[in-house]
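Please look first at the fold as a whole, and then at how some of its parts pack against one another.

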Amino acid sequence: MQKPQNPTWDPQQYLRHSGHRTRPFHDLLARIPGLPARGRPARIADLGCGPGNVTALLTERWPDARITGYDNSPDMLSEAARHAGPTPGGGSIDFRHADAADWVPEEPYDLIVSNAALQWVPGHAKSFPAWIEALAPGGTLALQVPGNFTSPSHAILDDLCDTPEWRERVGRHGRRYVHVYEPWEYLTQLTGLGCETDAWETTYIQLLQGEDPVLDWVKGTALRPILTALADDEQARTAFLGQYRDLLRKAYPPGPYGTVFPFRRIFAIARKKDA
Ligand SMILES: C[S@@+](CC[C@H](N)C(=O)[O-])C[C@H]1O[C@@H](n2cnc3c(N)ncnc32)[C@H](O)[C@@H]1O
């Protein structure tokens with residue numbers, strides 16, 4: 001069996017569904033309390049910033065903030081670079097390479113935010129004490145992760161990876177990155193660190209358009225490890241995608257208005273107490 005490797009990312013594929021993917025970030029942002037007034041612009045970190053489009057949205061709420069997006073994918077960072085530089089409100093955005101698994105804040109932050117990224121970081125709750133410690137008094141940690149790993153799109157993928165035909169090639173790639181906690185677990189962990197915490201979940205009933213839209217969606221995310229594992233074998237990749245596509249067509253038949261693709265997401269916001 002092959003050793004799993006870090007998946008390669010395709011920013012353009014990921015951005016194909018940016019409307020649906022961005023909505024939970026807006027919902028997260030709307031619940032973040034005011035940041036501490038420290039007599040200087042807010043300092044913000046965005047962990048797993050991807051192509052940088054949601055990082056840039058932070059400037060709408062904090063126009064003069066100094067924002068750094070961190071990611072460990074060179075492809076995503078190079079796409080994000082187009083959002084880097086001074087912002088119209090007098091702030092700035094920059095992007096840096098970092099692995100969220102061992103990222104330790106190098107200065108106090110007013111906000112550490114992570115959208116749709118920590119599911120790729122096994123045991124990320126282990127970092128919460130260090131991240132909360134690094135927040136300024138009154139600062140906030142805000143995260144959103146998908147909570148849809150038992151939905152048909154993922155269950156079918158796991159089952160397919162586990163068939164005798166694919167087990168040796170891709171068996172370990174399907175489940176490797178599924179590491180989220182339930183909303184109550186985020187609530188308990190972050191409250192236990194002394195924060196005022198708000199955790200919740202929302203299932204978005206997404207209506208996707210086009211042919212095989214669920215396959216197109218997962219090509220940007222859940223399929224990355226498998227596409228990476230099969231990158232050097234086009235025939236195998238085509239065969240795998242064909243089998244998965246046929247199963248998805250049965251699970252998500254197109255309706256008169258498009259294909260309904262429900263998507264559960266988990267949110268947590270933890271505000272550190274004031275000094
Ligand atoms: C689904 S994308 C989300 C991107 C962006 N936050 C958004 O909401 O559009 C997940 C991102 O997490 C990044 N990522 C995965 N594992 C990571 C890690 N260990 N450290 C840093 N970034 C990571 C990936 O490279 C990818 O850019």
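The chain has 11 helices and 8 strands, and the model that shows them is a predicted one. Taken along the principal axes, the C-alpha atoms of the chain fill a box of roughly 60 × 40 × 40 Å. A compact globule with 275 residues would have a radius of gyration near 19 Å, and because the chain has 19 Å, the two values agree.

**Two helix pairs**

Two packed helices are described by the angle between their axes and the distance between the axes. The table gives these values for two pairs.

| Pair | Residues | Angle | Axes |
|---|---|---|---|
| α2 and α3 | 18-31 and 53-61 | about 40 degrees | 11 Å apart |
| α6 and α11 | 152-161 and 234-251 | roughly 145 degrees | within 10 Å |

Helix α2 and helix α3 pack at an angle of about 40 degrees, and therefore α2 is oblique to α3. The crossing of this pair, α2 and α3, is right-handed. On the side of α2 the contact is made by Ser-18, Thr-22, Phe-25 and Leu-29, while α3 contributes Asn-53, Val-54, Leu-57 and Arg-61. Sorted by class, the contact of α2 with α3 has 4 nonpolar, 3 polar and 1 charged residues.

For the pair α6 and α11, the crossing is again described as right-handed. Here Pro-152, Ser-153, Ile-156, Leu-157 and Leu-160 in α6 meet Gln-243, Tyr-244, Leu-247, Leu-248 and Ala-251 in α11. How do the residues of the contact of α6 with α11 divide by class? There are 8 nonpolar and 2 polar residues in the contact of α6 with α11, and no charged ones.

Key:
Residues are numbered from 1 along each chain as its sequence is written. This is a predicted model: local features need pLDDT of at least 70, side-chain atom pairs count only at pLDDT 80 or more; totals for chains, interfaces and linings use all residues. Axes are lines fitted to C-alpha atoms, for helices over the stretch in contact, and angles run from 0 to 180 degrees between N-to-C directions. Helices (H or I, at least four residues) and strands (E, at least two) are DSSP runs, numbered from the N terminus. Angles under 35 degrees count as roughly parallel, over 145 as roughly antiparallel, 65 to 115 as roughly perpendicular and the rest as oblique. A crossing is left-handed if the near helix is turned anticlockwise from the far one by less than a right angle, and right-handed if clockwise. Two residues are in contact if their C-beta atoms, placed from the backbone, lie within 7 Å. Ala, Val, Leu, Ile, Met, Phe, Trp, Tyr, Cys and Pro count as nonpolar, Asp, Glu, Lys and Arg as charged, and the others, Gly among them, as polar. The radius of gyration is taken over C-alpha atoms; the globule rule is 2.2 Å times the number of residues to the power 0.38.
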